[in-house]
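Subject: Structure for your review

Dear colleague,

Please find below the structure that I am handing over to you. My findings follow directly after it.

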Amino acid sequence: MSLDLFAGIPVSDYAEALPWYERFFGAEPSFLPNDIEAVWEVAEHRYVYIVQDPERAGNALVLAFVGDLDDRVAGAARRGIPPAGREEYGNGVTKVVFRDPEGNEIAFGGAG
């Protein structure tokens, strides 16, 4: 059984949000389904997308568990997106939180 996963992040203004997400992901969107949505493939068959939806903007919570946590955090920082926080858990897991200008939370978790 195959699985495609789409995690959506509502934003107030698509045109204003798009450059931040391009810097965060380090790439232009994988595809643009319409004029208020952009989609990045973050792993095979796994996508994160932004969509203009002002009533729901600022409330998203997205977490991706990755094997290269330090590299991803450093890459985002080099592109001008520093982490908003870091949490270390007793089991050796770390969660690094980023927030877009509207307050949507995107986090990477992993060992380290």
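Leaving aside neighbours within four places in sequence, leucine 18 is in contact with Pro29, Ala38, Trp40 and Ile50. Please note that the model is a predicted one. Leucine 18 belongs to helix 1, and with a relative accessible area of 17% it is buried, because buried means under 20%. Between the C-alpha atoms of leucine 18 and threonine 94 the distance is 27 Å, and the two are 76 residues apart in sequence.

Which residues touch the most other members of the largest nonpolar core? They are Ile9, Tyr21, Phe24, Ile50 and Phe98, in a core of 23 residues. At least two residues of this core come from each of strand 1 (5-11), helix 1 (14-25), strand 3 (37-43), strand 4 (46-52), helix 2 (69-78), strand 7 (93-99) and strand 8 (105-111). Helix 1 gives the most, namely six residues. As general background, nonpolar side chains tend to be buried together in soluble globular proteins.

The overall arrangement is as follows. The protein chain has two helices and eight strands. Read from the N terminus, the order of the elements is β-α-β-β-β-β-α-β-β-β. Of the contacts with a separation of 6 or more, 52% are between residues 24 or more positions apart.

As to dimensions, the C-alpha trace spans about 40 × 35 × 25 Å along its principal axes. The radius of gyration of the protein chain is 14 Å; a compact globule with 112 residues would have one near 13 Å, so the value agrees with that expectation.

Regarding the surface, buried residues make up 38% of the 112 residues. The accessible surface of the protein chain comes to about 6600 Å², and 50% of it belongs to carbon and sulfur atoms. The side chains include 9 positive and 19 negative ones, with the centres of the two sets 7 Å apart.

Three further residues are described below.

Glutamate 105 is located in strand 8. Is this residue buried or exposed? Its relative accessibility is 13%, and therefore glutamate 105 counts as buried. Apart from neighbours within four places in sequence, its contacts are Ala60, Leu61, Val62, Lys95, Val97, Phe98 and Arg99. Phe98 was named above among the core residues that touch the most other members.

Glycine 75 has its place in helix 2. This glycine counts as buried because its relative accessibility is 3%. Glycine 75 and glutamate 88 are 13 residues apart along the chain, and their C-alpha atoms are separated by 20 Å.

Histidine 45 lies in the loop between strand 3 and strand 4. Its phi is positive, at about 65 degrees, although the residue is not a glycine. Most residues other than glycine have a negative phi. At 33% relative accessibility, histidine 45 counts as partly exposed.

With kind regards

Terms used
Residues are numbered from 1 along each chain as its sequence is written. This is a predicted model: local features need pLDDT of at least 70, side-chain atom pairs count only at pLDDT 80 or more; totals for chains, interfaces and linings use all residues. Side-chain values use heavy atoms; hydrogens and water are left out. Helices (H or I, at least four residues) and strands (E, at least two) are DSSP runs, numbered from the N terminus. The radius of gyration is taken over C-alpha atoms; the globule rule is 2.2 Å times the number of residues to the power 0.38. Buried means under 20% relative accessible area, exposed over 50%, partly exposed in between (1.4 Å probe, protein chains only). Contact means heavy atoms within 4.5 Å. Accessible areas come from the Shrake-Rupley method with a 1.4 Å probe; for residues, only the protein chains shown count as cover. Lys and Arg count as positive and Asp and Glu as negative; His and the chain ends are not counted. The place of a charge is taken as NZ of Lys, CZ of Arg, CG of Asp or CD of Glu. A nonpolar core is a set of buried Ala, Val, Leu, Ile, Met, Phe, Trp, Tyr and Cys residues joined through side-chain atoms within 4.5 Å.
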